[in-house]
Amino acid sequence: MKIQIINGPNLNLLGKREKDIYGDISFDDYFKILNNKFNKVNLSYFQSNVEGEIINKIQEVGFDFDGIILNAAAYTHTSVGISDAVRGVQSPVIEVHISNTKSREEFRKKSYISPHVKGIIQGFGLKSYDLAILSFIKES
Ligand code: DQA
C-alpha cells in the first residue's frame, strides 16, 4: 500500500513553531516514528511552502497511490487550486490537521478542501496522521 503524506506551508517549522499548538517534534522526526509503526505501509512524505508545488505533487501521485494524507495548512482556508487538484485525482484524500481548526479563529473554519475529501481528521496533534494511515489500512 502506497500512501503519500503532503504537508503545506510552515509545517517545515514543526517543533519550532507555536509549540503549544503544534507540538515540539519536527515532522522529519515524526515521519521516522510513523515509518517504524507502520512498517508494512509504503509511506512517502513531501512538504512545500509553495501552492503550485503542492498541486504538482497531488497530480503526480493522485493516479497511482492508494491514498493521500493532505495537511494543506494555511492553504486549506484559501486555495481553490489545491481544492481542484483534490477533485481531479483518483486517489482518495484524507484531510488532516494537527489542531482542531473549528475551535480556533473564524477564518480557519472554512476549508476549500473538505467538500472533496474522503474524510477529515483533526485536533489529535500529530496522532491525526496515525489515525489517517490507520483508516486506509483498515479498508485494505
Ligand atoms: C493546520 C491548521 C491551519 O489553520 C494552519 O494554518 C496550519 C496548520 C493544522 O495542522 O492544525 O498551518 O493545518
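Q: Let's start with Ala 73: is Ala 73 buried or exposed?
A: Ala 73 is buried, as its relative accessible area is 12%, under the 20% cut-off. Keep in mind that this is a predicted model.

Q: Where does Ala 73 lie?
A: In the loop that runs between β3 (67–71) and α4 (80–88).

Q: And what's the phi of Ala 73?
A: Near 50°, which is a positive value in a residue other than glycine. For background, a negative phi is what most residues other than glycine have.

Q: Which other residue has a positive phi near 75°?
A: That's Asn 10, also a residue other than glycine. You'll find Asn 10 in the loop between β1 and α1 (19–22). Asn 10 has 35% relative accessibility, so it counts as partly exposed.

Q: Switching to pockets: how much space lies in the largest pocket?
A: About 160 Å³. The largest pocket is lined by 15 residues, and Ala 73 is one of those closest to its centre, together with Arg 17, Tyr 22, Ala 74 and Arg 108.

Q: How does the lining of the largest pocket divide into nonpolar, polar and charged?
A: There are 6 nonpolar residues, 6 polar and 3 charged.

Q: Arg 17, then: which residue forms a salt bridge with Arg 17?
A: Glu 18 does, with 3.8 Å between the closest N and O atoms. Arg 17 has 17% relative accessibility and therefore counts as buried, whereas Glu 18, at 40%, counts as partly exposed.

Q: How many salt bridges does the structure hold?
A: It holds 8 salt bridges. One of them joins the side chains of Asp 29 and Lys 32, at 3.4 Å from N to O.

Q: How far apart are Asp 29 and Lys 32 in helix α2?
A: They are 3 residues apart there, so about one helical turn separates them. Asp 29 is partly exposed, with a relative accessible area of 37%, and Lys 32 counts as exposed at 52% relative accessibility.

Q: What about Lys 37, which residue does it form a salt bridge with?
A: Its partner is Asp 130, and the closest N and O atoms are 2.7 Å apart. Lys 37 lies in helix α2 while Asp 130 lies in helix α5, so this pair ties together parts that are 93 residues apart in sequence.

Q: Is Asp 130 buried or exposed?
A: Buried, with a relative accessible area of 3%. Lys 37 has 46% relative accessibility and counts as partly exposed.

Q: Okay, on to the core. How many residues has the largest nonpolar core?
A: It has 23 residues, and Phe 27, Leu 34, Ile 69 and Tyr 129 have the most contacts inside it. At least two residues of this core come from each of β1 (2–7), α2 (27–37), β4 (93–97) and α5 (127–139). There's another core lying apart from it, with 18 residues that include Ile 6, Ile 55, Ala 72 and Tyr 75. As a general point, nonpolar side chains in soluble globular proteins tend to be buried together.

Q: Back to Phe 27: which residues is it in contact with, leaving aside neighbours within four places in sequence?
A: Its contacts are with Ile 5, Asn 7, Leu 14, Leu 34, Tyr 45, Leu 126 and Tyr 129.

Q: Two last ones. Where does Lys 138 lie?
A: In helix α5. Lys 138 is exposed, because its relative accessible area is 68%, over the 50% cut-off. Between the C-alpha atoms of Lys 138 and Asn 71 there are 21 Å in space, and the two are 67 residues apart in sequence.

Q: And which helix does Asn 56 lie in?
A: Helix α3, residues 51–61. Asn 56 is partly exposed, with a relative accessible area of 49%. Asn 56 and Ile 82 are 26 residues apart in sequence, with 9.4 Å between them in space, C-alpha to C-alpha.

Key:
Residues numbered from 1 in each chain as written. Predicted model: local features only at pLDDT ≥ 70, side-chain atom pairs only at ≥ 80, totals over all residues. Heavy atoms only, no water. Core = buried A, V, L, I, M, F, W, Y, C linked by side-chain atoms within 4.5 Å. Buried < 20%, exposed > 50% of the residue type's maximum accessible area, 1.4 Å probe, protein only. Helix = DSSP H or I, 4+ residues; strand = E, 2+ residues; numbered from the N terminus. Contact = heavy atoms within 4.5 Å. Salt bridge = Lys/Arg side-chain N within 4 Å of Asp/Glu carboxyl O. 1 Å grid on protein atoms, 1.4 Å probe; cavity = no way out; pocket = protein on both sides within 12 Å on 5 of 7 lines; lining within 4 Å. Points joined across faces, edges and corners; volume = space filled by probe spheres on them. Nonpolar A, V, L, I, M, F, W, Y, C, P; charged D, E, K, R; others polar.
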